[in-house]
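I set out to look up a few charged side chains and how they pair, and I keep my notes here in the order in which I took them.

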Amino acid sequence: MKKILKKFASLRITVVVLIAGMMLVFAGTLAQTHMPIREAQKIYFQSFVVPVYLEDGTAIPVLPGGYTLGIIMVLNLLCAYLTTFRWTVKRMGILIMHSGILMLLIGQLFTDLYSVESYVSLDHGQAKNYSESFHKNELVIIDATEDVDKDTQTVYSIPQSKLKTGNMITDPRLPVSFSVKEFIPNAHLARGQNPRPTRGFGQTVIIQPAPPVKGDQQRNLACVYVDVIADGKVLGTWLLSTAFVGPDKFDLPDPAHPEKTRTYQIHLRPKRYMMPMTLKLQEFKHERFTGTNVPMAFSSRLRLVDPIQHEDRELTISMNQPLRYDGKTFYQASFANDDQTTILQVVRNPAAVLPYIACILVTLGMSWHFIAHFLKFFNKFIKQDTEVKA
Amino acid sequence: MNISRSKQTLMSTMLIILCMSTSIFAQETKQPATNATPDWKALGSIAVMHSGRLKPLDTVARSSMLMICGKQTVKVNGQSMHALEWLMQVMCKPEVADNYRVFLIHDPDIQALLQLGEEDKRWSFTELIPHLQLISAQANEAQSVQSHQRNRYQRAIIELYNHVTSYVRLKNAIAPEQSKDFAKQAQDAAALVKSLIADPDKLTDDMVSHINILKKGYENLAQKSNIHFVPPIGELEWSRIGEHMRLVLLGLPMDDSVIRMATIRKAYREGDWQTINTMVTEHLATPAQQQSKVRSEAMFNRMALLVNAMPIYALGLVVTLIAMMFKTRWMMITGTVIVLAAIATHTFGLGWRMWIEGRPPVINLYGSAVFIGWGATIMAMVLEKIYKNGLGNIAACLIGFSTLIIAHHLSLSGDTIEPVRAVLDSNFWLTTHVLIVTLGYSSMFVAGALGLIFVVRDVILRNFTKQSYARMGRMVYGIICFAMLFSFVGTVLGGIWADQSWGRFWGWDPKENGALLIVLWNAAILHARWCGMVQVRGMMMMAILGNCITAFSWFGVNMMGVGLHSYGFMDGAFMWLIGFCISQLIFVAIGLFPVGQTMPDDESNDNVRKQKPILLPRQD
């Protein structure tokens, strides 16, 4: 057993893993010229193997992915400490450094698994209590009958992953069922008569399927044709798209009062993450350098209202000065609409603190080790030098 | 022995300082013959607001000329003309300046498009006039493509279009290009408005249409220029002459700077240097012109320390090489002193630039080139101090010289002191993260340069002794340890900055990956050395490969033009980068050629001669 561990502890494995890591990072960087970062990240770094696709579609693994290398590195490190490492004070620097690196790797894994990124886009004077996903969408159905209080509406949300062509979506909690006729990940939209949908706004929109967007700044415009089914009866076919600003509506008989009807809204929209508080944009400031378009500074003045925590205050979010609230961090990310709209990036990352600790550890360990070495070397050298002179 | 050595040092130091100061300060102390020529020094010191920054006119001239022409001077009728004189010609005598061949067009597709022929790379504005519409149409077309998806031709045509636009803006900086006596026209306009304010009843229809024509003209002028000559008045910021004159029509009292600049223009047209010099002196005496940083920048431009350091580095290299060849002690000392003088010039230039900017030294690629070179030379000189074998000198000169050349080429894209974008606007992070990462680059290049020297000595010169072989190994090992420390700490600080401003510690962005590559490579070198996978020679080869990796991290990722860090985007240098990497690979190949002496890596191991191939595991 010890022998096997010792084999695993070899520094040669370390070197090979480091060089493989470099090849992976290099390939993952070059890949970004033709795909968005998040895609490259998934293929190269958040994977076990990186395949290359031949023309006929067969995948050949060419590089170990980020997870594989991470695991080997961690095992290699642990084995080294279990077997060959000499536990002396002189070597404590190395130990501290490596524990920091371990923490860095684990922190990155946790971030990959658990962090959620979204954004809040606020027009001047607008208030929102949710942030939206950059890439994920959801199909929602809302009971919007007049007797329902707008603030306590029930929203049924169906994630985009369920919207596969041919899927049937039924759930006893849902007032209706959906039959997904066709899901189109990205499309160009134009005005015109579309014969396929039989109900709703989509009848006046023609869609042209398009390849997924390449840049990181753009968003796919997803579209879906769904049949809405109530009590086994098809109410009609709707075309829904994230490009539509508002929801579509339809009425169903009220089960409690057969003489009345209930109004439901359906909408395909960016996935929303609810916040306990409301953010309202009071003012967006954007200063540029005189005579140029180079931004000098931009910042958002916001009003934060949290009825549960009894908070009602104004605050400013600017570049390098985020707001931390409710376990999330809000950053000034961008602006749009002729400086009338601010875009805040929202990040929830439970592992955010790990890299900080890791960095302190590695820096301490490395400085300890190298500086001690350097001093030893320098002293030896000065001794030699004086010997020569003498 | 010791006395003679210090004497030698002292003598050569004094001699070199004397030479340097006479050559650098000669220009500064030279007094122009009064009124026989314009006082260029004074003209160049005029403070103007241009692309978001208050700067001397001299900087406007130099950066515009470098951008349009790719050179510091332009040849006119066989005589070279400096940037400021060219700018004055463009602003004051555009009809003459239009015939100077300044527009650098080296893209073959554009040459073909404009049917310019290939005999010359530079073209005059007059020659371009028939093609202006085509250029603008093509540039417009290219602009509809997202910036990082444009091909070489599209980037080149947009660049040419921008150069033509900036040239036209310079022509209209003071007065409409066709105007002969703008001073009189402006004075008349101001007088007319004044009299009308005093007595509004005098207003006739003719006057209204006259004022309307003036207004159109001034609006046009404001649009066509981008040098802000008129100082702040009340709540107004620095403004263009056209902008200011439009306000004069609305009743704002005319600022004297307009008249002075217009008079200078007229006098320049007439060759009346005396009037120019009086006007400039008067202009520089106004309160708005009391900008010590601007004056200092003009002087900084004239002294061009960062350019002048280059020949000193080259000289230092030559002297050190000769000293090593003939093993002459005094020459070696002289060499060291010359290198120190070069570093002093470099340091002074760097510090001066920092003071003018009011920023840490690295805010753009230009700054990084200057700083990487500086950091590397300092490190190399520390090695020289320890080992006194001339190798530090050589490494310092190689890196100092080449980074300053790179910096010079980077300066061709315009003013190198530019406003800092909002995302970078944090002196704390610019100082910690950027400087430490940059020092990591520096140490990688020092290690790489030593690797190159190793190959030359080991394979070509074959002049290693056991001791010097091992010593060199220790030098590179030590430097790589520092490179590891700097690049790791710097990268991690970058992660923390990113976490603070973008909400993620690590995003696999190209620039971050570039830094990570350096960290991983250093870790690989060190671990390979520790486990005996490589010996001294293998480590040297890895250090040379480190040059490629550092160069990729520094420039390659900028050439990709993607990611959040792509503020330093650049074109055209790609071939150079590839060439550099190939040259390094050739050195590695030479180094692996089994002709050199193979030395034990440890002096105590004298009797263990290793004849085994390099880069293979040592068998215990």
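I began with E219(B), which is partly exposed at a relative accessible area of 32%; here buried means under 20% relative accessible area, exposed over 50%, and partly exposed in between, with a 1.4 Å probe and protein chains only. I note that the model is predicted, so that local features need pLDDT of at least 70 and side-chain atom pairs count only at pLDDT 80 or more, while totals for chains, interfaces and linings use all residues. Residues are numbered from 1 along each chain as its sequence is written, chains are lettered from A and ligands numbered from 1 in the order in which they are written, and side-chain values use heavy atoms, with hydrogens and water left out.

I then looked up the partners of E219(B). The side chains of E219(B) and R246(B) meet in a salt bridge with an N to O distance of 3.0 Å, the term standing for a side-chain nitrogen of Lys or Arg within 4 Å of a carboxyl oxygen of Asp or Glu. Because E219(B) lies in helix 11 of chain B and R246(B) in helix 12 (residues 241-249) of chain B, the pair ties together parts that are 27 residues apart in sequence; helices here are DSSP runs of H or I with at least four residues, strands are runs of E with at least two, and both are numbered from the N terminus. R246(B) is partly exposed, with a relative accessible area of 27%.

E219(B) also forms a salt bridge with K215(B), for which I find the closest N and O atoms 3.9 Å apart. Both residues sit in helix 11 (residues 205-224) of chain B, four residues apart, about one turn of the helix, and K215(B) is partly exposed at 33% relative accessibility.

D326(A) is partly exposed, with a relative accessible area of 40%, whereas K328(A) counts as buried at 11%. Over all chains, I get a count of 25 salt bridges by this rule.

My last entry concerns D171(A), which is placed in the loop between strand 6 (168-169) and strand 7 (177-184) of chain A. The side chain of D171(A) reaches the backbone nitrogen of R173(A) at 2.9 Å, and D171(A) counts as partly exposed at 27% relative accessibility.

How values were computed: A polar contact is a pair of N or O atoms within 3.5 Å; within protein, one must be able to donate a hydrogen and the other to accept it, and residues adjacent in sequence count only if both atoms are side-chain atoms.
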